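Thanks for coming. Please have the sequence and the structure open while I talk.

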Amino acid sequence: MSDFDKVTYWLDGADYDLQTACAMLQTKRYLYVGFMCHQAVEKALKGVLVARKPQEELPYIHKLARLANLSGVSEEMSEEQLSLLDLLSPMNIEARYPMYKERLLGSLTEEKCGAMIQETEAMLVWLKSKC
């Protein structure tokens with residue numbers, strides 16, 4: 001796979017996951033809205049990393065802040081974008097474990113999830129411009 005194809009692969013995956021987050025909002029599965037928004041941003045960050053450092057091995061990590069740092073894009077992010085990374089970070093791993101799941105579910109409302117999707121969509125547009 002060429003480097004361009006790798007970038008396209010990650011960005012297409014990010015778009016798909018954002019669409020899935022929207023579907024989860026419609027069905028009121030709020031925990032999965034957060035999970036899919038995390039996945040969308042993670043994949044977009046991996047696309048940026050592949051675009052900016054095509055010779056480097058893509059790390060098998062899921063921490064958004066770490067991916068943003070590795071790609072160098074974190075230095076260009078606004079406070080709002082960095083806050084979104086912080087908001088989405090627990091949605092990946094913690095959403096899978098019962099002890100955290102209930103706490104996360106209690107914090108997610110339709111309004112919060114709608115805002116999360118909008119912020120994620122804006123983040124994806126911005127990250128794509130960094131590739």
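Is the crossing of α2 and α3 left-handed or right-handed? It is left-handed. Before I go on, please note that this is a predicted model.

Let me stay with that pair. Two packed helices are described by the angle between their axes and by the distance between those axes. For α2 and helix α3, which covers residues 64–71, the axes come within 9 Å and cross at roughly 20°. Angles under 35 degrees count as roughly parallel, and α2 and α3 are therefore roughly parallel to each other. On the α2 side, the residues that meet α3 are H38, V41, E42, L45, K46, V48, L49 and R52. On the α3 side they are L64, L67, A68, L70 and S71. Sorted by class, this contact has eight nonpolar, two polar and three charged residues.

At what angle do the axes of α2 and helix α6 cross? The answer is roughly 10°, and the axes come within 10 Å; α6 is residues 110–128. That angle makes α2 roughly parallel to α6. From α2, the contact uses Y30, V33, G34, C37, A40, V41, A44, L45 and V48. From α6, it uses E110, C113, M116, I117, T120, M123, L124 and L127. By class there are 14 nonpolar residues in this contact, with two polar and one charged.

The crossing here is left-handed. Q81, L84, L85, L87 and L88 of α4 touch M116, E119, T120, M123 and W126 of α6. The class count for this contact is seven nonpolar, two polar and one charged.

How much space lies in the largest pocket? About 300 Å³. This pocket is lined by 14 residues, and K6, W10, V50, E57 and L58 are the closest to its centre. The elements giving two or more residues to the lining are α1, residues 3–26, and α2, residues 30–52. The lining holds nine nonpolar residues and five charged ones, with no polar residues.

The second largest pocket has about 180 Å³ of space. Ten residues line this second pocket, and K63, S89, P90, N92 and I93 lie nearest its centre. By class, its lining has four nonpolar, four polar and two charged residues.

Technical notes:
Residues are numbered from 1 along each chain as its sequence is written. This is a predicted model: local features need pLDDT of at least 70, side-chain atom pairs count only at pLDDT 80 or more; totals for chains, interfaces and linings use all residues. Side-chain values use heavy atoms; hydrogens and water are left out. On a 1 Å grid over the protein atoms alone, a cavity is a set of points where a 1.4 Å probe fits but cannot get out, and a pocket is an open set with protein on both sides within 12 Å along at least five of seven lines; lining residues have an atom within 4 Å of a point. Grid points are joined across faces, edges and corners, and a volume is the space filled by probe spheres set on the points. Helices (H or I, at least four residues) and strands (E, at least two) are DSSP runs, numbered from the N terminus. Ala, Val, Leu, Ile, Met, Phe, Trp, Tyr, Cys and Pro count as nonpolar, Asp, Glu, Lys and Arg as charged, and the others, Gly among them, as polar. Axes are lines fitted to C-alpha atoms, for helices over the stretch in contact, and angles run from 0 to 180 degrees between N-to-C directions. Angles under 35 degrees count as roughly parallel, over 145 as roughly antiparallel, 65 to 115 as roughly perpendicular and the rest as oblique. Contact means heavy atoms within 4.5 Å. A crossing is left-handed if the near helix is turned anticlockwise from the far one by less than a right angle, and right-handed if clockwise.
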